[in-house]
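Here's a quick briefing to read with the model open in your viewer. Keep the sequence handy too.

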Amino acid sequence: MRYYLDVEMNGFGGPLISMALVPEDEGLPAFYEALDCPDPTPWVAEHVIPVLGIAPISRAEFAGKLERYLHDVEWPVLVADWPEDIARAAEAMIVAPGRRIAVRQVRFELCDPPAFDAAVASAVPHNAYHDAVALRRHMLDRGCD
């Protein structure tokens, strides 16, 4: 099963703020959670924090919810259009030194979808959930895989 991935970070290369996994099958629920961002960059404070739409949770809660979301999925493939999204999603799976969430396996795919711009295509730009929905729509409408 493919899941379209998007994250928001506190500035370029900064800590994870929110992450969304939107399944290819629109009938299935998405994963969308946020972490606290105590010192947002000015751009993030203006463009990301106001459109989160959810209350932040702790890192432990985040990892637990991600684990429950992916635990029973066979062959999950997380598809992103930016390498940092993959890096942050992988980091979110680390719960402690030497420990990760309990998923059998996860594959990541990095794509470069032609003419895709999340800031233009998203219903709510800079919201990880809406940006992931826009990526899914773009990829499926164009038959990208």
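Predicted model: local features only at pLDDT ≥ 70, side-chain atom pairs only at ≥ 80, totals over all residues.

Residues are numbered from 1 along each chain as its sequence is written, and side-chain values use heavy atoms, with hydrogens and water left out. Helices (H or I, at least four residues) and strands (E, at least two) are DSSP runs, numbered from the N terminus.

**The sheet**

- Five strands make an open sheet with mixed pairing, in the order E3-E2-E1-E4-E7; two strands pair if DSSP finds at least two bridges between them.
- E3 and E7 sit at the edges with a single partner strand each, so one side of each has no neighbour in the sheet.
- On average, neighbouring strands here are turned by 25 degrees against each other, direction ignored. Axes are lines fitted to C-alpha atoms, for helices over the stretch in contact, and angles run from 0 to 180 degrees between N-to-C directions.
- Strand E4 (residues 77-80) pairs in the parallel sense with E1 (residues 2-9) over three bridges, and in the parallel sense with E7 (residues 107-110) over four bridges.
- To get your bearings, look for Arg2 opposite Val77 in E4 and Ala80 opposite Leu110 in E7.
- Val77 and Val79 point one way from E4, Leu78 and Ala80 the other way, and all are buried. Buried means under 20% relative accessible area, exposed over 50%, and partly exposed in between (1.4 Å probe, protein chains only).

**The helices**

- H2 (residues 59-70) lies across E1, E2 and E3, at about 10 degrees to E2.
- H3, in contrast, lies across E1, E2, E4 and E7, at about 95 degrees to E1.
- The buried residues of H2 include Phe62, Leu66 and Tyr69. The buried residues of this helix pack against E1, E2, E3, H3 and E5, where contact means heavy atoms within 4.5 Å.
- With twelve residues at 1.5 Å a residue, H2 should span 16 Å, and its end C-alpha atoms are 17 Å apart, which agrees. The expected span is 1.5 Å times one less than the number of residues.

**Salt bridges**

- The structure holds five salt bridges, each a side-chain nitrogen of Lys or Arg within 4 Å of a carboxyl oxygen of Asp or Glu.
- Arg2 bridges to Glu109, with the closest N and O atoms 3.0 Å apart. Arg2 is in E1 and Glu109 in E7, so the pair ties together parts 107 residues apart in sequence.
- Arg2 and Glu109 also belong to a salt-bridge network with Arg107.
- Glu33 and Lys65 meet at 3.4 Å, N to O. Glu33 is in E3 and Lys65 in H2, so this pair ties together parts 32 residues apart in sequence.
- Glu33 is buried at 14% relative accessible area, whereas Lys65 is partly exposed at 32%.
- Within H3, Arg88 and Glu91 are three residues apart, about one helical turn, and their closest N and O atoms are 3.0 Å apart in a salt bridge.

**His71**

- His71 is in the loop between H2 and E4 and is partly exposed, with a relative accessible area of 37%.
- Leaving aside neighbours within four places in sequence, His71 is in contact with Ala102, Val103 and Arg104.
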